[in-house]
Amino acid sequence: MKLSSRKQIEALAQLKGDKNLTISFYLDTDKSQLSQKEINVSFKNLLAEGRARLESLDLDKLKKEALEGDLKKISRFGSRILPSYTAAGLAVFSSSASGLWQDFSLPRAPRNHIIIDRAPCLRPLSVILDEYHHICALLVGRHEARWYDIDLGEIALLESLISDVPNRVREGGWQGYESKRIERHIDAHLHEHFKKAAQRTFDLFKTHPYDWLFLGLKEEYRSSFEPLLHPYLKERLKGWLKTNSHDSEDKILKQAIEIEKKLRLEEEAGLAGTLVRELESGGRAVSGMREVLRTVNAAGVQTLVVTRNFSLEGRVCPKCHFLYLDELQCPVCQVKTEKVRDIVHEAIHSAMDDKGRVRYVTPPSKLDRYGKIGAFLRYKK
């Protein structure tokens, strides 16, 4: 099943508090960045990690056998689908004891991770959805307008409008006055068509709120149409499509995704630049894994900014759950810390537990010079 809405996440969240344990399995399957061999190796390593974690749990025989069965089921499922899998990421949630099996193909690559807990681990899904923008694509021609809903890489026709706008003609008359009168008549019809399209775009915004508006219309019509848009829509107008109302949905979607990607990378670059300026001015920001972990432990992260696919080994205190880079003993609890494969993942979850936001930037970026990770603070250092 394709991840397409928050309702899917909410349905899984209802299982929280179930007495049985659930395995949450996330795999990066982005073949634009990874070879099939690398994906297969990561898949096997995650399963091995899951088995090792299961062995360390203090569970009765029946629960342990049920979870072993879940791991085997995930193994069979992955072995069957991965050779021809085309999505950027895979998420699987399995609990045989609760009768749960749910797999999602993801539009973005998640961090490789396997979790065994009482409830499905759903934060990575929320992070992926948060990165997407809900788009309305409006294609306007002389006689027709079409509105498309674009979300999570899918497109659907919302509505269409047909207007009776006469074609332009040249008709003789004394000193061309008749031609000018006809042109004014046609322009009035066209203006009314544009007004209807602009008003309907605003009506759709009120019933189907969208983040961005992409417009496709001839260059000669821009100056006539754009002023008719409501100010709220002008704020959301982010892209111009080189398509028309007769183009296929596939062509419209392909171009919209290209524009969205460009805008997202610009947003990420702006975010990294803002963080660096805050760091260099001594403002409310920190960078580097060690400083970020100190801030996470103090619940001081307002927004965590992480380079995609960045990971490091680290350590966690089994008692207070504070995170460290290389502390063998927790300075707070004076107990031995435990090694974790990805301390970045742990920091992300801890920051989200404390109501902090998480944003990703694509490398290379200005964040590379500052340890590939940083955070905006809730309060000044």
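**Spaces in a predicted model**

The lining of the largest cavity splits into four nonpolar, two polar and two charged residues. This is a predicted model. Those lining residues are N20, L21, K63, A66, L67, D70, S96 and A97. The space inside the largest cavity is about 60 Å³. How many cavities of 30 Å³ or more does the structure hold? It holds one.

Now turn to the pockets. The largest pocket holds about 1,400 Å³ of space. Its lining counts 33 residues. Nearest the centre of the largest pocket lie H113, I115, D117, E346 and H349. Several elements give two or more residues to this lining: α1 (6–13), α2 (36–56), β4 (113–117), α4, β14 (338–340) and α10 (343–353). Which element gives the most? That is α10, with five residues. By class, the lining of the largest pocket has 13 nonpolar, eight polar and 12 charged residues.

The second largest pocket comes next. About 1,200 Å³ of space lies in it. Its lining is made of 45 residues. D30, A88, R108, A109 and R308 lie nearest the centre of this second pocket. At least two lining residues come from each of α2, β3 (100–106), α4, α8 (249–280) and α10. By class, the lining of the second largest pocket has 20 nonpolar, 11 polar and 14 charged residues.

The buried residues of α4 are P124, L125, S126, V127, I128, L129 and E131.

Why does A347 count as buried? Its relative accessible area is 0%, and the cut-off for buried is under 20%. Which residues does A347 touch, leaving aside those up to four places away in sequence? They are M289, L293, V296, L304 and L323.

Conventions:
Residues are numbered from 1 along each chain as its sequence is written. This is a predicted model: local features need pLDDT of at least 70, side-chain atom pairs count only at pLDDT 80 or more; totals for chains, interfaces and linings use all residues. Side-chain values use heavy atoms; hydrogens and water are left out. Buried means under 20% relative accessible area, exposed over 50%, partly exposed in between (1.4 Å probe, protein chains only). Helices (H or I, at least four residues) and strands (E, at least two) are DSSP runs, numbered from the N terminus. On a 1 Å grid over the protein atoms alone, a cavity is a set of points where a 1.4 Å probe fits but cannot get out, and a pocket is an open set with protein on both sides within 12 Å along at least five of seven lines; lining residues have an atom within 4 Å of a point. Grid points are joined across faces, edges and corners, and a volume is the space filled by probe spheres set on the points. Ala, Val, Leu, Ile, Met, Phe, Trp, Tyr, Cys and Pro count as nonpolar, Asp, Glu, Lys and Arg as charged, and the others, Gly among them, as polar. Contact means heavy atoms within 4.5 Å.
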